[in-house]
Amino acid sequence: MVLFALRRLGFSIFTLLVVSFAVYVIFAILPFDPAALTCGQKCNDIVVEANRIRLGYDKPLLVQYWLFLSGIFFGRSYGVGQAAFVCPAPSLGYSFNENACVSDLLKTTLPITVTLAVGALIMWMVVGVTLGVIAAKFRGRTPDTASSVFVLLGTSLPTFVTGLVLLIWVSIKWKIVPLTLTGYVSFLDNPFGAFKYFLLPWITLAIAYAALYTRFTRAAVLETMSEDYVRTARAKGLDERKILFKHTLRAVFAPIVTLAGLDFAGLIGGAIITETIFNLPGLGRLTLRSVYEFDLSVVVATTILAAGVVIVMNLLVDMFYAVLDPRVRVQ
Amino acid sequence: MKEILSVENLKVSFPTDDGLVRAVDDVSFTLNEGETVAIVGESGSGKTVTSLSIMDLHNRRAAQVSGSIKIRDGANTVEVVSASPEETRSLRGRVVSMIFQDPMSSLHPYYKISNQLCESYLVHHPRQKKAALDKAISMLDLVGIPQPDKRVHDYPHQFSGGMRQRVMIAMALMNDPKVLIADEPTTALDVTVQAQILTLLGDLQKQFNMGIVLITHDLGVVAQVSDRVNVMYAGKIVESGPVDDIFYKPLAPYTLGLLNSIPRAGDKKMGRLSAIAGQPPSMINLPKGCSFAPRCEFKEKVSGGRCLSEMPDLTGISSEHRSRCHVDEKERQKLFPTLAVK
Amino acid sequence: MASSDVILSVRDLTKHFPVNKRTQKKTGSTAVKAVDGISFDLKRGETLGLVGESGCGKTTAGRTILKLIEPTSGSITFEGQNISELSPQEMRPLRSQMQIIFQDPYSALNPRHTVGRIIAAPFEIQGIEPQGGTKRAVQELMERVGLNPEHYNRYPHEFSGGQRQRIGIARAIALKPKLIVADEPVSALDVSIQAQVINLLEDLSKEDNISIVFIAHDLSVVQHISDRVAVMYLGKIMEIGNSRDIFSNPSHPYTKALLSAAPKPDPKLERTRERIILKGDLPSPMNPPSGCVFRTRCWKAESKCETEVPTLITHGSLTTACHFPN
């Protein structure tokens with residue numbers, strides 16, 4: 001077991017290195033001068049050159065990458081003399097556009113995205129799985145047809161449509177929930193306030209995913225219900241409720257949780273549209289802006305973070321599967 | 001002998017897009033304590049549908065069931081066809097149990113067998129966890145699982161095929177049912193393992209005085225363990241009687257054809273097998289008249305083409321041995337060769 | 001016995017499937033010894049039955065003989081030519097001579113091809129244009145196996161299991177092979193249909209003088225159709241000989257146990273005969289027992305059986321691998 005974990009860890013680190021290096025290479029190939037973008041229109045060449053040296057853009061690619069890597073462990077100092085500054089470890093770089101160390105940027109944006117993702121996850125799992133089970137149980141009848149309408153809507157409506165519709169009608173027209181133009185409220189400080197702040201973005205994301213999970217759960221439940229071991233359970237005299245919860249759902253959970261873990265990982269850094277519509281200063285919005293502005297440090301950092309989250313979720317999901325399915329543990 | 005199960009005029013039909021499938025069409029038989037009744041047939045004969053009806057395991061919305069299935073429960077008799085789902089559920093696993101063909105897929109892969117065995121007990125004896133586990137271990141011992149107190153905590157995939165079938169048998173007997181339905185219990189097993197399992201079932205039957213309904217297509221197995229036999233074809237019983245009568249003095253053309261067509265591992269290599277011509281009929285468009293007529297070599301013996309227009313009744317000179325055929329029974333006794341294999 | 005009588009000769013044929021390192025450490029074995037040194041001869045026009053329970057290696061043996069699986073070691077001589085070392089390219093022209101019929105009629109036929117196309121495939125693959133055209137040749141084959149030639153353009157799902165098996169047989173005999181390996185060809189069929197297909201195979205084999213390796217687990221079917229029978233256990237041949245003699249008077253304890261275990265459709269006999277019930281479970285082919293592989297379940301086993309592998313010795317009409325044959 002220990003060997004297995006170590007091997008996974010080693011492979012994960014290797015993946016992160018490859019991913020981050022790939023970003024560096026992409027930026028190196030692009031025909032833009034990152035130093036020139038560090039100041040606005042009124043730049044003169046001297047400032048640009050000074051920035052270039054400070055940020056290390058004058059050095060060869062591999063050296064730049066090495067400086068980046070060592071910065072993670074030891075912190076990184078930029079420039080010399082009066083205009084020098086330091087980004088303490090773990091330093092993921094410095095963003096000129098935002099005028100801050102990238103780690104600080106992540107500290108402020110990550111909680112927002114995580115809150116968004118976690119809330120949406122809870123919502124879509126509860127709604128999706130419940131509807132899926134109901135649709136399977138009442139297959140061919142009204143509840144099933146109703147849920148398939150929901151599935152159709154949820155999968156066809158893009159998030160920018162749902163988000164905007166919710167924003168316009170619920171926030172602006174009916175004024176049920178305040179606009180989120182200002183005032184991020186941390187969930188830990190003020191749950192109720194945060195709830196109001198995040199409600200519409202949660203619903204926007206949840207609708208799209210719940211539709212997918214309804215469809216998937218329905219199919220998985222129907223397939224499991226036709227398995228021989230469910231027939232055995234019935235032959236033993238178990239009531240339908242017990243059969244559903246103990247036998248069917250346990251078997252269905254494994255693939256659903258696998259998917260959910262990966263979808264969750266994708267939201268960290270991927271909920272760009274939702275964050276933009278509701279003006280949430282989260283990781284997705286930060287990444288989008290940094291790509292437009294060719295802010296290399298931020299893009300590298302968010303890419304690594306996103307990749308890291310996917311890797312961790314993959315590992316957790318695999319372990320969860322082993323807990324659920326004893327046949328997997330043999331391997 | 002006490003009668004514990006009685007099936008009368010059972011009909012099970014399934015409406016499909018292509019028409020009504022009469023999977024079971026007027027089937028009647030009885031089962032007594034301590035005896036084994038076999039239901040023999042090929043795919044599509046309706047034998048599995050019959051067995052599922054006894055336990056009320058059909059989807060009530062999909063299947064149309066009529067007739068009578070009476071099961072003895074202590075001093076009472078329960079009529080399964082008209083009983084509520086709650087009533088039949090109480091019978092399952094307690095008075096009537098079932099074991100299936102494929103033990104790997106019939107056991108839940110995620111739960112230890114202790115969990116699955118105790119579950120059988122706890123459904124009908126709630127909250128007696130200690131008693132359940134004790135019973136589970138003693139049942140595993142009874143079916144011949146070595147080190148039962150250790151192995152009870154294993155998962156299904158940790159057992160071999162034969163062992164898993166033993167576990168299934170143990171699970172089915174947790175509540176000492178009076179009726180055991182065995183649906184092709186040894187078809188998926190190797191022949192040496194099959195011998196072990198059939199011997200085990202025989203021993204357990206004697207010990208518990210159980211009645212067994214054995215569903216199979218294997219005539220060898222029928223000969224080994226059955227007391228009485230019902231032969232099914234296209235949803236109907238075409239012959240029923242004591243096992244010796246069926247094998248040595250068959251009266252239905254289908255039974256005769258079947259017995260003639262199986263190769264026998266005897267002393268000498270026999271000539272060409274005499275196969276039954278044609279194929280089993282489609283259950284959706286059953287031919288008018290006797291369902292076996294298209295394949296029967298004796299229809300010329302019946303005047304007026306009755307075989308093709310009229311379904312014969314299940315009758316017999318002896319009430320013990322009945323068959324469905326328009327040819328006069330005495331004539332059939334002369335016509336059909338007596339099969340006595342050395 | 002003229003050597004041109006023998007169409008197939010197998011000597012010490014072995015197929016080991018290597019296992020990955022993790023399983024190696026866990027089980028202490030380096031390979032699954034599916035086929036572990038089998039030898040036999042097959043005469044022209046003869047049917048050899050290969051019988052045994054699951055894990056005995058009969059299916060692997062059948063495929064290795066045809067080189068559908070590459071043997072690990074040993075020799076296969078077909079029509080006097082050693083084919084064990086031949087590459088797939090070199091095997092191609094020989095393939096028209098050796099064919100296979102599969103067990104599952106539902107998965108052996110491509111559901112997207114018409115029956116005509118399926119049966120014509122061998123001609124296409126070998127680049128042969130039969131006299132009178134492919135279509136006519138296919139329809140003749142269909143008639144020969146008992147199918148209606150007008151169903152040339154139908155798809156497999158429109159046929160029953162027994163009919164699909166006939167399609168498989170038509171495909172196998174299209175190129176007039178000298179050798180057919182039939183891998184459990186009737187196990188998946190209803191009892192009343194099995195007899196039809198068995199008769200068909202017997203007729204074809206006699207008419208065209210085809211040698212058949214008939215793999216099955218059903219002893220009575222094997223006994224009926226085979227001239228000689230080889231009984232396999234854990235990758236080795238326990239006994240081989242004349243079909244009649246093996247089943248009426250076997251020498252090897254395993255053959256006796258197999259015969260005893262198989263129920264006969266004769267109630268009086270079943271009630272009175274003595275039964276041999278083997279104890280225990282099948283050992284894993286990854287770790288077969290030392291010496292005689294059958295010793296863990298054999299009632300005759302003694303210390304010699306643990307240390308010495310019994311060789312096949314001929315007594316009369318039976319060739320048996322046992323230290324204490326009957």
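Me: This is a predicted model. How many residues of chain A and of chain B does the contact take?

Reply: The contact takes 18 residues from chain A and 22 residues from chain B. Residues count as in contact because their C-beta atoms, placed from the backbone, lie within 7 Å.

Me: Which helices of chain A each supply at least two residues of the side that touches chain B?

Reply: They are α8 (228-235), α9 (240-267) and α13 (326-329) of chain A. With six residues, α8(A) gives the most to that side.

Me: What makes up the side of chain A that touches chain B, by class?

Reply: That side has six nonpolar, three polar and nine charged residues. The nine are called charged because Asp, Glu, Lys and Arg count as such.

Me: Where does α9(A) bend?

Reply: The bend is at A:Leu249, by about 45 degrees. This value is called a bend because it is the angle between axes fitted to the seven residues ending there and the seven starting there.

Me: Why are residues such as A:Ala251 and A:Phe264 of α9(A) called buried?

Reply: A residue is buried if 20 or more other C-beta atoms lie within 10 Å of its own. A:Ala251 and A:Phe264 are among the buried residues of α9(A), so each reaches that cut-off. The cover over the buried residues of this helix includes α4 (102-137), α7 (191-225), α8 and α12 (296-324) of chain A.

Me: What follows α9(A)?

Reply: A:Gly269 follows α9(A), and its phi is positive, near 90 degrees.

Definitions and conventions. Residues numbered from 1 in each chain as written. Chains lettered and ligands numbered in written order. Predicted model: local features only at pLDDT ≥ 70, side-chain atom pairs only at ≥ 80, totals over all residues. Contact = placed C-beta atoms within 7 Å. Helix = DSSP H or I, 4+ residues; strand = E, 2+ residues; numbered from the N terminus. Buried ≥ 20, exposed ≤ 12 C-beta atoms within 10 Å, placed from the backbone.
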